[in-house]
Amino acid sequence: MDRIDRREFCLGLGALSTVLILPPHMQVQAAATPENGQYPVEPVKDTMTQAQRDARMAWWNQARFGMFIHWGLYAQAAGYWNGKPVPFLGEWIMNTAKIPVADYQKLAATFDPTKFNADAWVSMAKASGVKYMVITSKHHDGFAMFKSDANKFNIVDATPFKRDPLKELAIACHKQGIKFGFYYSQDQDWTAPGGAAMRGGHWDKAQDGSFAEYLHAKAIPQLKELLANYQSEDAPAEIWFDTPTPDMTPELASEIVTLLNQHPNLLWNNRLGGGYSGDFETPEQHIPPQGFPGKAWETCMTINDTWGFKKDDTNFKSTETLLWNLIDIASKGGNYLLNVGPDATGVIPQPEQDRMLEIGKWLKVNGEAIYDTQAGPFSQEHGVYSPTEKDKKGNPIWVPVWDWRATAKPGRVFISILQWPGTKCTLPPMDARVTKATMLADRKHRALKFSQNEKGITITLPETAPDPIASVLVLHS
Ligand code: JFZ
């Protein structure tokens with residue numbers, strides 16, 4: 001059978017299964033190529049109705065704020081190799097310093113993060129207002145932070161620590177009601193033969209081998225472990241793939257999709273490779289000026305300038321910057337996945353905890369303006385494209401104006417005011433007729449004076465801002 005025949009044959013079967021109304025995950029899938037928008041194996045979401053798809057994504061869409069955790073052997077190197085500081089991201093140290101596989105692997109012999117306390121991490125996460133947590137189960141260095149029978153280079157078998165932090169975190173997250181997901185570097189693996197290496201390719205003969213063999217001997221078996229061994233704690237809620245290369249063909253990627261499809265509620269991002277678009281977009285270190293209309297998206301961002309711990313990186317963003325980012329992202333309908341990088345003792349650096357907890361304090365008062373909201377109703381752009389400055393690709397850079405942002409829920413619009421205007425606040429016109437205006441932080445819900453016409457809405461605000469970083473005005477309709 002030639003290619004086209006086979007495709008038509010399978011499409012026929014796919015249509016038949018729809019007629020028989022099998023549950024989506026049991027339907028026979030059409031064979032196709034990514035170029036025409038279809039795949040060798042169709043992701044389960046593509047076989048669902050819109051209502052099913054929405055239900056599947058509901059927790060994620062309501063969450064708006066998550067905590068990313070990059071933790072691995074690189075935390076022990078902490079940005080230094082042979083006594084010298086190594087530039088670039090902490091978790092990339094093996095690649096940047098071109099460390100031989102055998103030398104890097106030796107880090108495991110002394111990795112003993114005895115101060116790690118899953119309950120403490122999750123309590124901190126909870127107090128900072130995140131609804132989900134995504135941790136590196138295996139980063140590009142190939143070291144598994146979980147018990148793996150598929151590969152002995154893992155935290156239980158190769159370190160004196162001998163504990164599985166993912167298991168402990170899964171239990172703690174389940175107890176405290178935080179969704180728990182795994183980052184897994186499926187494509188790059190710098191210690192397994194055949195694993196991919198970006199930024200210059202392999203640098204050690206021990207890395208040479210077939211990518212397909214690596215996938216079959218390590219990545220796929222480990223993904224199976226991750227999908228099977230944490231189920232009693234409802235984990236993982238999502239898999240966060242990363243850095244796909246052309247090695248990940250549609251055929252190879254589809255082997256992974258077959259696995260993922262066995263867990264119809266499992267979400268996964270757009271970085272699998274092989275042409276798969278996944279459940280959500282993942283802009284990294286930036287906030288798209290208009291969001292991704294019609295798509296789910298999540299901006300991931302470092303809290304300083306590295307994902308994995310570097311002892312010299314103290315360039316922490318201010319709480320104001322972080323909170324404004326969260327508000328900005330929510331106003332565009334996205335999620336904020338904010339990273340922390342625990343050290344080799346198992347402790348999340350105090351300046352990172354402090355910032356997370358300050359965001360949490362704000363959310364305790366103002367969370368209604370963030371969780372389970374949608375993008376605001378105003379089309380106003382809070383910024384301009386720079387006439388002079390361009391990004392690496394030559395496109396003009398977006399310069400945000402940090403004045404205010406809006407989110408919405410049925411019957412309410414939330415205006416997070418970032419620059420307090422004094423007693424008079426003017427907003428653009430809005431379709432809904434406002435019936436009442438209050439400050440979210442005002443426990444007594446005192447009505448503010450306002451007027452509305454086709455030119456806009458004018459509100460009389462208190463003289464001083466209830467919050468020094470962002471104060472939320474609520475327009476009821
Ligand atoms: C990727 C990872 O490489 C990074 O370590 C982190 O996990 C982040 C969330 O996702 O980001 C990249 C990808 C590629 C490059 C830099 C960061 N690169 O090629 O320079």
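Arg-199 lies over the face of Phe-88, 3.8 Å from the ring centre; a charge sits over a ring if NZ of Lys or CZ of Arg is within 6 Å of the ring centre and within 35 degrees of the ring normal. The model is predicted, with local features needing pLDDT of at least 70 and side-chain atom pairs pLDDT 80 or more, while totals for chains, interfaces and linings use all residues. Residues are numbered from 1 along each chain, and side-chain values use heavy atoms, leaving out hydrogens and water.

**Charge over a ring**
- Tyr-371 has the charged end of Lys-131 over its ring, 4.3 Å from the centre.

**Aromatic pairs**
- The structure holds 27 aromatic pairs (ring centres of Phe, Tyr or the six-membered ring of Trp within 6.5 Å; planes under 30 degrees apart are stacked, over 60 edge-to-face, the rest tilted).
- Phe-68 and Tyr-183 form a tilted pair, because their centres are 6.2 Å apart and their planes stand at 55°.
- Tyr-183 and Trp-240 are stacked, because their centres are 5.8 Å apart with planes at 20°.
- Both Tyr-183 and Trp-240 are buried (under 20% relative accessible area, 1.4 Å probe, protein chains only).
- Phe-68 is buried too, at 1% relative accessible area.
- Ring pairs also join Trp-71, Phe-111, Phe-116, Trp-121, Phe-143 and Phe-153 into a cluster.

**Around the ligand**
- The ligand is surrounded by 15 residues, with His-70, Glu-91, His-139, His-140 and Glu-284 the closest (a heavy atom within 4 Å).
- A ligand oxygen atom is 2.5 Å from a side-chain N or O atom of Glu-91.
- For Asp-242, the corresponding distance from a ligand oxygen atom to a side-chain N or O atom is 2.9 Å.

Key: A polar contact is a pair of N or O atoms within 3.5 Å; within protein, one must be able to donate a hydrogen and the other to accept it, and residues adjacent in sequence count only if both atoms are side-chain atoms. Buried means under 20% relative accessible area, exposed over 50%, partly exposed in between (1.4 Å probe, protein chains only).
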